[in-house]
Amino acid sequence: MEFEIVFSPKAVRQLKRLDRSTQERIRKAIEASLRPFPPRGDIVKLEGFSGRYRLRVGDWRVTFRYNFAQKEVHIAEVVHRREAYRN
């Protein structure tokens, strides 16, 4: 089963701020890890968030949710690890 990848406007802005090589690395990791189901890679369910997960790509964290009804993965944020877990 394959899922459609949907980026939030916030995630698109965050991704565009990064240098080109980091952008490509994160996009390739998202495609390889999140498009197929079950997902591959370093993925952990986030505590305190209902149905939210994170994908680790080096020092970067990609937070996302699954929408099984529409077969979509909604990318919420792309942030550096030092900022990822702050409330």
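Reply: Let's start with Glu31, which is partly exposed at 37% relative accessibility (buried is under 20% relative accessible area, exposed is over 50%, and partly exposed lies in between, with a 1.4 Å probe and protein chains only). Keep in mind that this is a predicted model, where local features need pLDDT of at least 70, side-chain atom pairs count only at pLDDT 80 or more, and totals for chains, interfaces and linings use all residues. Residues are numbered from 1 along each chain as its sequence is written, and side-chain values use heavy atoms, leaving out hydrogens and water.

Glu31 pairs with Arg35 in a salt bridge, 2.7 Å from N to O (that term means a side-chain nitrogen of Lys or Arg within 4 Å of a carboxyl oxygen of Asp or Glu). Arg35 is partly exposed too, at 21%.

Next comes the salt bridge between Arg56 and Asp42, at 2.5 Å, N to O. This pair ties together distant parts of the chain, 14 residues apart: Arg56 sits in strand β3 (residues 52–57), while Asp42 is in the loop between α2 (20–34) and β2 (43–45). Helices (H or I, at least four residues) and strands (E, at least two) are DSSP runs here, numbered from the N terminus. Arg56 is partly exposed at 38%, and Asp42 is partly exposed at 29%.

Then there's Arg82 with Glu83, whose closest N and O atoms are 3.9 Å apart. Arg82 is exposed at 54%, whereas Glu83 is partly exposed at 41%. Across the whole structure, the search turns up seven salt bridges.
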